[in-house]
Amino acid sequence: EKELYDKTLKVLGTLEDKTPLETDASVYEKILKTIRVENLAFPHVKKYWTEYNGDFEVMFNYRMTADEISSMNMAVEKAAKNIIAQLSPDMDDYEKLKFFHDYLILNCETDKNYAFADTVYGALVEKKALCEGYSKAFSYLCNLAGIENVLVTGETYVAHMWNMVKLDGNWYHVDVTWDKSDDQLHEVF
């Protein structure tokens with residue numbers, strides 16, 4: 001599975017439109033879901049899906065060109081650097097986490113109609129996101145600050161994504177989406 005995971009990352013990173021299916025479909029579906037959760041740098045993948053034609057290939061649908069991806073990635077890096085620059089040197093990890101959490105709540109609106117609401121770009125640059133965008137942006141900022149974290153997926157009455165962070169040797173759940181108090185959030189679901 002690791003070998004197939006790595007191969008699929010390469011395919012997505014080079015914008016190839018298909019790859020041979022080299023394993024059972026259920027295993028590949030698991031790999032695609034893992035890639036979607038683990039890789040913050042793939043806002044360009046519109047949809048992962050498998051299409052079983054005579055050659056058993058997995059098809060990918062991209063929503064932008066390589067130039068657009070590069071431009072978006074540079075915008076994300078710039079926005080993230082501006083946020084990180086607001087941290088003071090005396091902040092501990094808890095204060096950094098709280099800053100990232102509060103920054104996203106105060107500066108990002110929930111928008112179910114925005115095409116990139118599921119991406120770091122949507123949350124940090126356009127300041128529009130849904131749970132996936134909030135969670136990935138929070139994770140991206142934690143990574144830059146050197147704070148161990150993971151993305152978590154699950155179900156409420158809809159599919160949902162949030163974060164877990166390691167602080168002082170303990171793991172804690174952080175859910176930026178559900179911590180928003182604006183009425184617009186409740187319209188999404």
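A salt bridge is taken here as a side-chain nitrogen of Lys or Arg within 4 Å of a carboxyl oxygen of Asp or Glu. The structure is a predicted model, in which local features need pLDDT of at least 70 and side-chain atom pairs count only at pLDDT 80 or more, while totals for chains, interfaces and linings use all residues. Residues are numbered from 1 along each chain as its sequence is written, and side-chain values use heavy atoms, with hydrogens and water left out.

A search of the whole structure gives 4 salt bridges. One of them joins Lys-98 to Asp-102, with the closest N and O atoms 2.6 Å apart. Both residues belong to helix H4, where they stand 4 residues apart, about one turn of the helix. Helices (H or I, at least four residues) and strands (E, at least two) are DSSP runs, numbered from the N terminus. Lys-98 has 39% relative accessibility and counts as partly exposed; Asp-102, at 23%, also counts as partly exposed. In these terms, buried means under 20% relative accessible area, exposed over 50%, and partly exposed in between (1.4 Å probe, protein chains only).

A salt bridge is also found between Asp-6 and Lys-2, whose closest N and O atoms are 2.8 Å apart. This pair lies in helix H1 (residues 2-13), again with a separation of 4 residues, about one turn of the helix. Asp-6 is partly exposed at 35% relative accessibility, whereas Lys-2 is exposed, with a relative accessible area of 58%. An α-helix has 3.6 residues a turn, so residues three or four places apart point the same way.

Helix H4 has 15 residues and reaches 21 Å from its first C-alpha to its last, close to the 21 Å expected at 1.5 Å a residue. The expected span of a helix is 1.5 Å times one less than its number of residues. The N-terminal end of H4 is capped by Asp-92, a side-chain oxygen of which lies 3.2 Å from the backbone nitrogen of Tyr-94. Lys-96, Leu-97, Phe-99, Phe-100, His-101, Tyr-103, Leu-104 and Ile-105 are the buried residues of H4. They pack against H3, H5, H6, strand E7 (159-167), strand E8 (170-174) and helix H7 (176-179).

Helix H3 (residues 66-84) has 19 residues, which should span 27 Å at 1.5 Å a residue; its end C-alpha atoms are 27 Å apart, in agreement. Buried in H3 are Ile-69, Met-72, Val-76, Ala-79, Ala-80 and Ile-83. These residues cover an arc of only 100 degrees around the axis, which puts them on the same side of H3. The arc is that of the directions from the helix axis to the C-beta atoms. On the other side of H3, Asp-67, Met-74, Lys-78 and Lys-81 are exposed. The buried residues of H3 pack against helix H4 (93-107), helix H5 (120-126) and helix H6 (131-145).

Gly-154 lies in strand E6 (residues 149-155) and, at 23% relative accessibility, counts as partly exposed. With neighbours within four places in sequence left aside, Gly-154 is in contact (heavy atoms within 4.5 Å) with Ala-159, His-160 and Trp-162.

Technical notes: A polar contact is a pair of N or O atoms within 3.5 Å; within protein, one must be able to donate a hydrogen and the other to accept it, and residues adjacent in sequence count only if both atoms are side-chain atoms.
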